[in-house]
Amino acid sequence: MLARVANGPAVVACNTCRYSADTRQDANGMRGGQRLIAALRAIQAGDGRYAGIAVQEMPCLFACEQYCTVHLRAPDKVGYVLGRFTPEEDSARAILDYAVEYAASAHGRVPFAKWPHGVKGHFITRTPPPGFVAE
C-alpha cells in the first residue's frame, strides 16, 4: 500500500484527479492529474531551478471535489494541499516556483509576497509535520 520515496522537498500529485470540476478526462481520455504530472515533469526537466524538488505521484489524494490536487511536503516543514488547477504548463510552473520558495523556507512558510500568482486561491489545507503543530 505504501511505496518508499525520497524524503526531501516534493510535490506529490494525484494521478487520478479529474480534468476539471465538470470533466473526468480530456478529449484524449487523459485524466487531469496525469496531464498535470506530465506538465510538472516537463517543466522540471527543462529548468535546473527545480532539480531539488521531487515530482512524485500517487492515486487519489481524497480531494476529489478540488481536482488537480498536489501535496507539497518536506521534512520538518508544514505541508500544503493545493487544488483546482488547470492541468497545463502555467499551473505546473507556478506550483514548482512555489515549491522552490517552500523548500528554501525555514519551516514551510513562504511570505505572501513570494507566492506566484498561479497558486493564490488554490490552497486547501496545511498539515503539520509529524511531532509538531504550527504556532
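**View A. The second largest pocket of this predicted model has a volume of about 190 Å³.** A pocket here is an open set of points on a 1 Å grid over the protein atoms alone, with protein on both sides within 12 Å along at least five of seven lines. Its volume is the space filled by probe spheres set on the points, which are joined across faces, edges and corners. Lining residues have an atom within 4 Å of a point, and here they include His-107, Arg-109 and Phe-132. By class, this lining has five nonpolar, one polar and four charged residues (Ala, Val, Leu, Ile, Met, Phe, Trp, Tyr, Cys and Pro count as nonpolar, Asp, Glu, Lys and Arg as charged, and the others, Gly among them, as polar). Residues are numbered from 1 along each chain, and the model is a predicted one, where local features need pLDDT of at least 70 and side-chain atom pairs count only at pLDDT 80 or more, while totals for chains, interfaces and linings use all residues. Side-chain values use heavy atoms, leaving out hydrogens and water.

**View B. Now for the largest pocket, at about 760 Å³.** Of its 26 lining residues, Val-5, Val-12, Gln-56, Met-58 and Arg-73 are the closest to the centre.

**View C. Zoom in on Leu-72 and its neighbours.** Leaving aside residues up to four places away in sequence, Leu-72 touches Val-11, Tyr-80 and Ile-95, among others (contact means heavy atoms within 4.5 Å).

Definitions and conventions. 1 Å grid on protein atoms, 1.4 Å probe; cavity = no way out; pocket = protein on both sides within 12 Å on 5 of 7 lines; lining within 4 Å.
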